[in-house]
Amino acid sequence: MLIKNYIIFCTLVLFFSHCKIPTAQVDATTSTERIQLADTLEQLLKSNLVDTWYPAAIDTQYGGYLSTFNATFKPVGNQDKMIVSQARHLWNNAKASQHWPAEKKYRDFARHGFAFLQNKMWDKDHGGFFWQVDRSGKPRGDSSKTAYGNAFGLYAVSAYYAASKDPAALAMAQKSFRWLEQYSHDPIHGGYYQHLSKTGAIQKRLSTTPSTSDLGYKDQNSSIHLLEAFTELYQIWPDPLVKTRLEEMIYLIRDKIVNEKGNLVLFFQPDWTPVSFRDSSRTSILRHHALDHVSWGHDIETAYLLMEASHVAGWHNDTITWRIAKKMTDQCLNLGWDDALGGFYDEGYFFKPNEITVTQDTKNWWTQAEALNTLLIMADLYPSDPLSYYSKFKKQWAYIKQYLIDHQNGEWYDSGLDKDPRSAQRNKGHIWKAGYHQYRTLENCILRLREKHK
């Protein structure tokens with residue numbers, strides 16, 4: 001049905017076998033360098049990331065995964081469980097079980113996490129994944145649902161089925177997709193509504209909704225992760241409707257959510273009219289920055305997600321998507337890149353039409369992880385480009401190694417120490433930080449660096 005190693009997420013090797021743009025030719029020195037780097041990344045993926053988290057995060061009392069760990073990686077706090085982090089832990093272990101098939105423990109850890117999603121995170125009365133439950137699995141708050149949370153649930157159980165062939169996982173993936181189709185999908189304007197009630201009713205903005213709230217808006221973040229989920233799902237269940245929705249999301253993100261500058265617009269009205277405060281005062285713009293800014297992390301991550309989705313959808317020689325992905329990557333390098341030390345800044349804004357201002361110069365962990373993967377892809381696609389993607393890739397790796405990886409306690413700091421030294425004292429894991437960005441980029445880079453020398 002699908003070649004086994006392809007399901008190891010996003011090798012993109014087959015992607016390049018279908019495109020007419022050749023992969024880069026490398027000399028002997030670069031070849032040796034790439035092999036050595038792949039070996040280094042392999043060691044860090046396993047010892048610093050995967051084996052730091054697991055089995056430490058396995059909740060043997062209540063099921064699922066613990067997510068909150070302090071700076072020295074000791075569990076702390078109430079250990080509430082959010083669908084996003086529970087799904088990411090499941091995804092990590094599903095992928096690890098394929099990457100190291102001889103180590104049975106990862107299959108066991110994945111099966112353990114799937115049971116919690118199936119028995120506790122899924123709403124047996126109304127369908128859909130709960131947003132958050134307590135450690136034992138009791139729903140928190142009003143039991144509302146989000147497209148974003150359900151995207152990650154779908155993403156994880158699809159990956160788990162690819163790794164395990166457990167029919168219960170396929171059934172849950174299908175059920176999850178159909179729930180999104182019934183309650184969240186917009187048959188008129190396309191895309192998906194983000195905010196849903198416990199029963200799946202769409203939550204709309206009211207006259208009393210604060211202007212700083214994203215309630216009732218559609219958004220890029222849930223959209224790109226639905227794209228990611230459908231990409232994973234289509235590989236295990238090539239259903240025609242799944243392909244239709246996958247392609248719908250490619251078009252929507254590539255042609256509407258990405259603007260003319262190569263940035264993702266963050267929020268939209270239900271009819272996909274952009275939400276913007278550009279004509280407001282600087283004070284108002286900054287007050288609403290959560291709804292309207294340049295997020296270089298999402299831009300460089302989406303460049304990759306679009307290319308991967310295009311390939312899985314069978315869009316061979318898709319030069320339009322590659323061009324948009326390159327445009328997104330280039331503006332990240334031209335506007336959000338720290339050329340002195342490496343790394344990408346968190347936020348910026350065009351207070352003037354063609355003049356970017358970096359409004360938040362910290363460098364969060366997930367942006368740096370996603371950038372490493374995309375830069376290596378671009379280096380192989382465009383080896384002679386003036387932006388010199390491979391040198392940027394090496395500089396990005398040097399930055400991560402020096403300022404983000406905790407070589408003593410394991411895992412990564414949540415923000416680069418060059419701009420945020422207090423990050424060394426903060427929690428190493430929490431419900432928004434579960435290792436999936438780092439796992440994905442390290443495995444993808446390992447496979448890509450090694451593939452060129454088989």
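1. In this predicted model, Asp123 and Lys145 are both buried. The two residues form a salt bridge, in which the closest N and O atoms are 3.0 Å apart. Asp123 belongs to the loop between H4 and strand S2 (132-133), whereas Lys145 belongs to strand S3 (residues 145-146). The pair thus links distant parts of the chain, 22 residues apart.

2. A further salt bridge joins Arg450 to Glu42, with an N to O distance of 3.1 Å between the side chains. Arg450 is located in helix H14 (residues 436-451) and Glu42 in helix H2 (residues 28-53), and the two positions are 408 residues apart. Arg450, at 31% relative accessibility, counts as partly exposed.

3. Glu181 and Arg245 also form a salt bridge, their closest N and O atoms being 2.8 Å apart. Because Glu181 lies in helix H6 (residues 167-183) and Arg245 in helix H8 (residues 240-257), the pair ties together parts that are 64 residues apart in sequence. Arg245 has a relative accessible area of 11% and is buried.

4. Salt bridges that share partners also occur: Lys46, Asp51, Glu103 and Lys105 are joined by them into one network. For the structure, the count of salt bridges comes to 33.

5. The packing of helix H3 against helix H4 deserves a separate remark. Two packed helices are described by the angle between their axes and by the distance between those axes. For H3 (residues 83-99) and H4 (residues 104-121), the axes come within 8 Å and cross at roughly 150°. Angles over 145 degrees count as roughly antiparallel, so H3 and H4 are classed as roughly antiparallel to each other. The crossing of H3 past H4 is left-handed.

6. Which residues of H3 and H4 meet? On the H3 side they are Ile83, Gln86, Ala87, Leu90, Asn93, Ala94, Ala96 and Ser97. On the H4 side they are Tyr106, Arg107, Phe109, Ala110, Gly113, Phe114, Phe116, Leu117 and Met121. By class, this contact comprises twelve nonpolar, four polar and one charged residues.

7. In summary, two aspects of the model may be viewed together on the structure. The contact of H3 with H4, by contrast, has twelve nonpolar residues and one charged residue, along with four polar ones.

Notes:
Residues numbered from 1 in each chain as written. Predicted model: local features only at pLDDT ≥ 70, side-chain atom pairs only at ≥ 80, totals over all residues. Heavy atoms only, no water. Axes fitted to C-alpha atoms, helices over the stretch in contact; angles between N-to-C directions. Helix = DSSP H or I, 4+ residues; strand = E, 2+ residues; numbered from the N terminus. Parallel < 35°, antiparallel > 145°, perpendicular 65-115°, else oblique. Left-handed = near helix turned anticlockwise from the far one by under 90°. Contact = heavy atoms within 4.5 Å. Nonpolar A, V, L, I, M, F, W, Y, C, P; charged D, E, K, R; others polar. Salt bridge = Lys/Arg side-chain N within 4 Å of Asp/Glu carboxyl O. Buried < 20%, exposed > 50% of the residue type's maximum accessible area, 1.4 Å probe, protein only.
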